[in-house]
Amino acid sequence: MSQNIGLKLRQTQQLNQRLQQSLRILQMSGLELDREVDDWLQDNPLLERAEYDEAAEAEFERISAAQPKTNQIGGDDAEDVWATIAEEDDFNAYLHKQVCEHPLSEAEAARVHILIDFLDEQGYFTDNITDVLDQTPLEWMLEEEDMQNALDLLQTFDPPGVGAADLTESLLLQLMRLPASPERQLAAKIVQLHLDDLSRSRQQNTAKFRKHFPDAEAETLQTALDLIAKLNPYPAYGFASAEPTAYVQPDIWVKETKSGWSVSSNERVWPKVQLNSEYCELLKQAGDISPEWKEKLSEARQKIDSLELRKSTVMRLAEYIVEKQEDFFVFGEIGLTPMLVKDAAAALGVAESTVSRAVNHKYLACPRGVFALRYFFTQAVAAEDGEGVSQSAVKAVIAQLVESENKHKPYSDDALSRLLKQQGIDIARRTVAKYRESLNIPNAHQRRP
């Protein structure tokens, strides 16, 4: 056997430590990054947080993650709303203040005060009277019958539904506040007997409950369902909490200006870190510094650079999104155009993995609400002009067609496919069915009254 010795040239790509850190920082959410920066500051005395610009902070806007999509608030209105909520009483304080507004005896008022403090964070009374008696001092001499009467009184307080044992009772208490009518009576029956059958789809509910209540008129049934939809499932919802409220902090603001849509960063959520000038000056005066301090200084500069690179990358990506999806900001979901990660990467001159990291847990706030950056990347659906339409836009068109259809002659999936083709969107019937199901829209037979 003979042994041969040879040389082979092979090109490999390895990420240096600095680039690895930058990519890791890029992928972090704002909350994760803030925690990371806190660790940096504890580990490296040469770093310090920079102060925020007061003018920029004055323009800061917060948008709650709990805001429903159909009622999102942005801009100056959001700032005004949250400023108002911050000044309101929390839920329990609101109820305690009402005690003196009701014609209660001193003993009744005392018992109601006790029950208010036993409500859970949703406004329900999930304990029982016996538990209350067991957890209160014996010298208060509370009686079960008196406490039950106090609970009945509490359930007459605002907001309607407070003090209920569960969702069903809360909804029934709210319905009792409404004027008596056949619609209210039917709504109460639905809540009592079929609450678990309710879904988000109006068409599905109508079709389902026509079977449960075949003798009810269609208009009465629809009004009853509308009454239920307007009820508040959680009496405490919408009140300021005694605990800090969690917010989605958008990384990017998109606002309409006279010259078009502008993109700006929400400076509040971008950690500002700088070199500690005092320590750096001491090192400079010392002249020859130790290798340990040199490493700390180099490390501090790298971390500052990684923050700047993160911000620059996300801002460039946001500007690209706003340029490509301008119709969305004007017309809504129907204006979305197909956009792929690889296209964004090519336009920005970065790797696809960099774009994927940049959209991770980053949010954009605009007049239409708060959206994850990833939301704007959609696949294309074939169109007659060859340019393609985004899947989200096609779904929006399908939803519009169903909403405007003749309820007695709803469109079949074949009919929807033909109507879409008339608008230049050429997709098969089975694709229409898939999109319709993803929108929780029943088939034509189930949509028929």
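## Aromatic pairs

By the ring-pairing rule, which asks for ring centres within 6.5 Å, the count comes to nine aromatic pairs. One of them joins Trp261 and Phe329: the ring centres are 5.5 Å apart and the planes meet at 40°, so this pair is tilted. The two partners belong to distant parts of the chain, since Trp261 lies in strand 5 (residues 260–265) and Phe329 in helix 15 (residues 326–331), 68 residues apart. Both Trp261 and Phe329 are buried. The structure described here is a predicted model.

Ring pairs also build a cluster, whose members are Trp261, Phe328, Phe329, Phe371, Tyr375 and Phe376. Another ring has a charged neighbour: the charged end of Lys255 sits over the ring of Trp253, at 6.0 Å from the ring centre.

Strand 5, which holds Trp261, is part of an open sheet of four strands. The order of the strands is 5-4-7-8, and their pairing is mixed. Strand 5 and strand 8 (369–372) form the edges, each pairing on one side only. On average, and with direction ignored, neighbouring strands in this sheet are turned by 25° against each other. In general, the strands of a sheet pair through backbone hydrogen bonds, in either a parallel or an antiparallel manner.

The sheet can be followed strand by strand. Strand 4 and strand 5 run antiparallel and are joined by six bridges; Thr257 stands opposite Gly260 of strand 5. Strand 4 and strand 7 run parallel, with two bridges between them, and here Ile252 stands opposite Leu364 of strand 7. Strand 7 and strand 8 pair in the antiparallel sense over four bridges. Leu364 stands opposite Phe371 in strand 8, and a hairpin of two residues joins strand 7 to strand 8.

## The largest nonpolar core

Nonpolar side chains tend to be buried together in soluble globular proteins. In this model the largest nonpolar core has 30 residues, of which Ile252, Val254, Leu317, Phe329, Phe376 and Phe377 touch the most other members. Two or more residues of this core come from each of strand 4 (252–257), strand 5, helix 14 (291–324), helix 15, helix 16 (341–348), helix 17 (352–358) and strand 7 (363–366). Helix 14 gives the largest share, seven residues. This helix lies across strand 4 and strand 5, and runs at about 165° to strand 5.

Which residues does Phe377 touch, not counting residues up to four places away in sequence? Its contacts are Leu317, Ile321, Met339, Leu340, Val341, Ala344, Val355 and Val359.

## A second core and helix 6

A second, separate core contains 21 residues, including Val112, Ile129, Phe157 and Val162. Val112 is also one of the buried residues of helix 6 (residues 106–116), together with Ala109, Arg111, Ile114, Leu115 and Ile116.

What covers the buried residues of helix 6? The covering elements include helix 5 (91–99), helix 7 (129–134) and helix 8 (144–154).

Terms used
Residues are numbered from 1 along each chain as its sequence is written. This is a predicted model: local features need pLDDT of at least 70, side-chain atom pairs count only at pLDDT 80 or more; totals for chains, interfaces and linings use all residues. Side-chain values use heavy atoms; hydrogens and water are left out. Rings of Phe, Tyr and Trp (its six-membered ring) pair if their centres lie within 6.5 Å; planes under 30 degrees apart count as stacked, over 60 as edge-to-face and the rest as tilted. Buried means under 20% relative accessible area, exposed over 50%, partly exposed in between (1.4 Å probe, protein chains only). A charge sits over a ring if NZ of Lys or CZ of Arg is within 6 Å of the ring centre and within 35 degrees of the ring normal. A nonpolar core is a set of buried Ala, Val, Leu, Ile, Met, Phe, Trp, Tyr and Cys residues joined through side-chain atoms within 4.5 Å. Contact means heavy atoms within 4.5 Å. Two strands pair if DSSP finds at least two bridges between them. Axes are lines fitted to C-alpha atoms, for helices over the stretch in contact, and angles run from 0 to 180 degrees between N-to-C directions.
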